[in-house]
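This report covers a chain-to-chain interface and one residue site. The structure comes first.

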Amino acid sequence: VSGRSGLALAGRLLAGAALAYSGYVKLMAPAEELALAVESYRLLPTAAALAFARVLPWAELFAGASLLAGCFTRAGAAAAAALFALFLGALASAAARGLALDDCGCFGAGGPRLTRPQAMALDAALLGAALLAFLDRKPRFSLDALFDGK
Amino acid sequence: MKRLAAGLLLAAVLIAAVLIGRRTAWLGSSDVPEFRRKGPADAPAVLLEFSDFECGRCAEVQPFLKQFLERHSSRLRLVFRHKPLRSHKWAELAARASDCAGVQGKFWEYAEVLYARQKEWSAAPDPKALFAAYAKNLGLDVARFEADLASGRWDRFLQNDVKEAEARGVTATPTFFINERRMVGQSQLTEYGERYVAWETDR
C-alpha cells in the first residue's frame, strides 16, 4: 500500500465510521428529537425539519456503510463529502447569524454533545477525509476491488 | 451485478439492524400518580408531557400548553411525567419536591412556581430551603414536605417516569405525546398538536 492510497484508505474508514456511527445513533432516537436540533439552526420550517430529520440518518448510515465496506466507494465518498459540507455550512451560517445552539445535533439528542467549534473542526477534518477517499480511483481492501478482480 | 447485489444486501442488513434496535428500545408503560393527571377521565385523547423543571424550553412552553389545553378541555387529559436531564444539577430534586407537593394536593401549583422561579433555584448551591419556602407559600405542611423529600418516600413515582422515558426513547425535553404521536418542543406542538387532537378525537 503506497503512502497516498494508505492515506485514502484511512480517510475512507474514518469518514465511514463517523457517518455510520452518527447515523445509527440518530436512528435509535426519535426523529422528532433530531428535528428539534435541526429547528434550532432556523434554516428549515418545522415540517421540513422533521422530514429532514427522518431522512438524514439513513443517508449517513448508508454512506458510512458504503465507505466502510468499500461498495460503490466513490459514490459513497461523494455523498459523505456533500453531507460534511452541508453540516459545515449550517454551522457556519448559525455562527454568522449569532445563533446560540444548545446542541449541534451531530450525534442526535442522545449521543456526545459537541460545542460549535468542536463540531466545525470535526466536520472539516471529515470532509477532508471523504475527499481523499473520493480522489482514490482504485480503493484497496474494498468490495469494489474484489469485484473488479484486483 | 455482484456489486449491486452486495450493495442491496448491505442495505437490507442495515435496515434490519435499525428496526430490531428500535423495537427493543421503545416498548413499555408504567403507572403515574393521579395527582399528575388533569382533565376528564374519559377524554378520547391523552396529552402526555415529559418535562424537566430545570429546562428553559419546558418553562417557555407552559403558557402555550395552558392555552392548548383550554382549547381542548373536553377532549384532552394531561398526564405529566418527569424527565430530569442528567445535565441539569437540581432537576431530579425538583421533580421529587414536586411529587412531595403533589401528595399534599398541590402538584400543579408547585410545578408552576418551579417553572416561574427556575433561575432562582437552579443557580442555588443547595435549593432545598427554597423548595421548602415555595411549599410554605402554597400553604403546604412544610414539616411533612421536608420529611418526605429527605426520606425519598415518593421517589418511586420519579423512578417509574424515568423508566417510562427510557422505554419510549425520550432523551429531550419537553416531549409530548398525543396518544402515541410524538412531538418535541413547542414548534412541533404548534405545528402538529391541533391535527393530532382532531385525528384522535374525531374518529
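## Salt bridges

A salt bridge is a side-chain nitrogen of Lys or Arg within 4 Å of a carboxyl oxygen of Asp or Glu. Between chain A and chain B there are three salt bridges. One joins the side chains of Glu32(A) and Arg182(B), at 3.8 Å from N to O.

## Basis

This is a predicted model: local features need pLDDT of at least 70, side-chain atom pairs count only at pLDDT 80 or more, and totals for chains, interfaces and linings use all residues. Residues are numbered from 1 along each chain as its sequence is written, chains are lettered from A and ligands numbered from 1 in the order in which they are written, and side-chain values use heavy atoms, without hydrogens and water.

## Interface

Chain A puts 29 residues into the contact and chain B puts in 28 (contact: heavy atoms within 4.5 Å). The buried area is about 2400 Å², with 67% from carbon and sulfur atoms. Buried area is the accessible area (1.4 Å probe) that two parts lose on being put together, summed over both.

Seven residue pairs across the interface are in polar contact, both residues at pLDDT 80 or more. A polar contact is a pair of N or O atoms within 3.5 Å; within protein, one must be able to donate a hydrogen and the other to accept it, and residues adjacent in sequence count only if both atoms are side-chain atoms.

## His82(B)

His82(B) is buried because its relative accessibility is 1% (buried: under 20% relative accessible area, 1.4 Å probe, protein chains only). Its side chain makes polar contacts with the side chains of Ser98(B), at 3.5 Å, and Asp99(B), at 3.2 Å.

Note on methods
Buried means under 20% relative accessible area, exposed over 50%, partly exposed in between (1.4 Å probe, protein chains only).
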